[in-house]
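Here is a predicted model with a ligand.

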Amino acid sequence: MSLDSLQEFIAAIDAMGELVRIAHPVRARLELCEIANRCSKLPGGGPALLFEHVILDNGARSAFPVGINLFGSMARMSLALGVERLDEHGARITELLNLKVPDGFVAKLGLLPRVLELSKFPPRVKGGAPLCQEVVWRGDEIDLDQIPVITCWPEDGGPYITLTAVVSKDPVRGIRNVGMYRVQKLDKRTVAMHWQRHKTGAEHFREMAARGEMMPVCIVVGADPASVFSASAPLPPAVDEFIFAGFLRRQPVHLTRAVSCDLEVPAAAELVIEGYIDPSEDLVVEGPFGDHTGFYSEADLYPKVHVTAVTMRKTMVYATTIVGRPPMEDFYLGHATERIFLPLLKLTTPEIVDYHMPAEGGFHNLVFVSIDKKYPGQAYKVMNALWGAGLMSLAKVLVVVDKEIDVQNITETWWAVLNNIDPERDVRFTMGPVDVLDHSSRAFSYGSKMGIDATRKLPEEGFTRQWPRVIEMNDETRAQVDTFYASLGIEQAWKS
Ligand SMILES: Cc1cc2nc3c(=O)[nH]c(=O)nc-3n(C[C@H](O)[C@H](O)[C@H](O)COP(=O)(O)O)c2cc1C
């Protein structure tokens, strides 16, 4: 089943029993964040929330309900991407990457459905009256104050639209980008666009500015869940996120032309804020913002977007998210990325068995990698490869362990790492670009990185002592105890 809109996603969440509707009046300013934050800290990520009575900053009741924490559990993230387990998409990608033409006519025919599956993915532009343009505000009608844009944390620079899919186009190659970048509401008709310097939207902006051209952008809020996720995925600039969303959905994303600029947006989107950036205009102050590191990121200068139209569904549900001290909803979006991109990392670095970005590391601060080590120096080879791979280049601490270690298990990984390292021998520092949110680096977006080689050392790596065996019970004893262990009542006694 592919979910074609955010409202279908919310209905499916409701059907699985993970939606809590909140009728109590809640302010868009801070209160909604406080509730969502408490909710995300529940074991497993807490339920999705639908706030039905939201109080706007002007004291009026919002005409639109607010959905939050929609992606905030493993089950809902899997639902969003139409799978039972997130690894399934990784397996589909592996299959595509292994697409070797087999021998024999019948075998070749068997290949056809998979190739056809690929050709179904490109988004389709639909004519007619799309849902996302049931209501259109232009000119003086445009009033972002009517949208329940939330102010998350007390020291934030203002209200932020957070769960976005920002559409832009590469002016040279015409390739579309869709990125999840937060947007600060400045007033009724302008917003500040927070695409960080390493992101594709920012690159499009630099290209447009160099050409001295106005840059059209569409800020989509609430589309089909695969498109929302794809906006957050670190795809290479040459890959259109809507094609990727089509692959995940196994159905093309339906697009429609924006009403006031030359871009396409998902036809079933809840809300689209269309506008342009004038590169000749001064940048504006954006921030501070309570960020996903758990700290406020400083105010900085970003482009201003002039809104030319706001379009929405009649029954618009405003989707948003908060970030802050982990774990939050974004952990689940990031985890889906982690699972889906594993085969792509393996393509260039085949010794990688698995990797994991624990919630505490907020994606870029800590990456555990397990490898099938065959030769000396291989852990460093993997670190260098990852520090050269797309947004993985921003990783601050990379920890490499042997393939037996389950890197999804954080306690097990630290147990292995702390036992296996001789710190002076196994820790290396290097330099590189770092996440712009890193407040500790010596310079903005530039700093050092640490690689920890916690793999078993080989003689060529200077290790000549005996490597100890891991303690494990023998199979015979385990099997024998299995036959009566449950009857001892130990676990029931502890749970009750
Ligand atoms: C909830 C959430 C908020 C995000 N906010 C921003 C942001 O404000 N600016 C930014 O550059 N990246 C932000 N990101 C990360 C980007 O969405 C991510 O790096 C994505 O791959 C960027 O797309 P791009 O590679 O097409 O530029 C956010 C991610 C999530 C999950």
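**Cores and ligand shell**

The largest nonpolar core of this predicted model has 73 residues, and those with the most contacts inside it are Met77, Leu81, Phe229 and Phe244. Helix 9 (residues 329-348) gives the most to this core: eight residues.

Q: Why is this called a nonpolar core?
A: The term asks for buried residues of set types, Met, Leu and Phe among them, joined through side-chain atoms within 4.5 Å. Met77, Leu81, Phe229 and Phe244 are of those types and belong to the set, so the name applies.

Q: With which residues is Met77 in contact, leaving aside its neighbours within four places in sequence?
A: Phe71, Leu86, Phe229, Tyr332, Leu333 and Ala336. A second, separate core of 49 residues includes Phe51, Ile147, Ile273 and Met312.

Q: What backbone atoms lie 2.8 Å from an oxygen atom of the ligand, and in which residue?
A: A backbone N or O atom of Arg182 does. For Gln196, a backbone N or O atom lies 3.0 Å from a ligand oxygen. Taken alone, the ligand exposes 630 Å², and the protein buries 88% of that.

Q: Which element gives the largest share of the shell around the ligand?
A: Strand 10, with three residues. By class, the shell has nine nonpolar, seven polar and four charged residues.

Key
Residues are numbered from 1 along each chain as its sequence is written. This is a predicted model: local features need pLDDT of at least 70, side-chain atom pairs count only at pLDDT 80 or more; totals for chains, interfaces and linings use all residues. Side-chain values use heavy atoms; hydrogens and water are left out. Buried means under 20% relative accessible area, exposed over 50%, partly exposed in between (1.4 Å probe, protein chains only). Helices (H or I, at least four residues) and strands (E, at least two) are DSSP runs, numbered from the N terminus. Contact means heavy atoms within 4.5 Å. A polar contact is a pair of N or O atoms within 3.5 Å; within protein, one must be able to donate a hydrogen and the other to accept it, and residues adjacent in sequence count only if both atoms are side-chain atoms. Accessible areas come from the Shrake-Rupley method with a 1.4 Å probe; for residues, only the protein chains shown count as cover. Ala, Val, Leu, Ile, Met, Phe, Trp, Tyr, Cys and Pro count as nonpolar, Asp, Glu, Lys and Arg as charged, and the others, Gly among them, as polar.
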